[in-house]
Amino acid sequence: MCVHPEVRGRGYVREMLKEVHAWEEAAGLPFSLLFGEPAVYQSSGYREVRNVVYHPQGGGWDEAVVPLPVMVRTLGAHVWPEEPVFLPG
């Protein structure tokens, strides 16, 4: 998400994320993931996690995986798992 410097700090990102989270919860999604600056998204309920891994070419668990710095926000009463989470592709 990009916000023009002249209008930063007005809460536009936070307001947009509130709408996104409402849509995600209505769709029954357990989590919202994003890649971004923690300082920007922590106020919207995101926290950094270090257990998301992926294979750059879309391979599976049986091949080498690379850890990703990801931010997650739980939706509803779900709890983010402790074990590695595979993000294909």
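## Overall layout

Starting at the N terminus, the elements of this chain follow the order α-β-α-β-β-β. That gives two helices and four strands, where helices (H or I, at least four residues) and strands (E, at least two) are DSSP runs numbered from the N terminus. The model is predicted: local features need pLDDT of at least 70 and side-chain atom pairs count only at pLDDT 80 or more, while totals for chains, interfaces and linings use all residues. Residues are numbered from 1 along each chain as its sequence is written, and side-chain values use heavy atoms, with hydrogens and water left out.

Of the 89 residues, 26% count as buried (under 20% relative accessible area; exposed is over 50%, partly exposed in between, with a 1.4 Å probe and protein chains only). Among contacts (heavy atoms within 4.5 Å) with a separation of 6 or more, 66% join residues 24 or more positions apart.

## Two aromatic pairs

The structure has two aromatic pairs. Rings of Phe, Tyr and Trp (its six-membered ring) pair if their centres lie within 6.5 Å; planes under 30 degrees apart count as stacked, over 60 as edge-to-face and the rest as tilted. Phe 31 and Trp 80 make an edge-to-face pair, with 4.8 Å from centre to centre and 85° between the planes. This pair links distant parts of the chain, 49 residues apart: Phe 31 sits in strand 1 (residues 31-34), and Trp 80 in the loop between strand 3 (66-74) and strand 4 (85-86).

Phe 31 is partly exposed because its relative accessibility is 22%, whereas Trp 80, at 8%, is buried. In the pair of Tyr 41 and Tyr 46, the ring centres are 6.2 Å apart and the planes lie at 75°, so this pair is edge-to-face. Tyr 41 and Tyr 46 are both buried.

## Around Asn 51

Now let's visit Asn 51, a residue of strand 2 (residues 47-54). Is Asn 51 buried or exposed? Asn 51 is buried, because its relative accessible area is 14%.

The side chain of Asn 51 reaches the backbone oxygen of Pro 81 at 2.9 Å. Leaving aside neighbours within four places in sequence, Asn 51 is in contact with Trp 80, Pro 81, Glu 82, Glu 83, Pro 84 and Val 85. Trp 80 is also the partner of Phe 31 in the aromatic pair described above.

Definitions and conventions. Polar contact = N/O pair within 3.5 Å; in protein donor to acceptor, adjacent residues only side chain to side chain.
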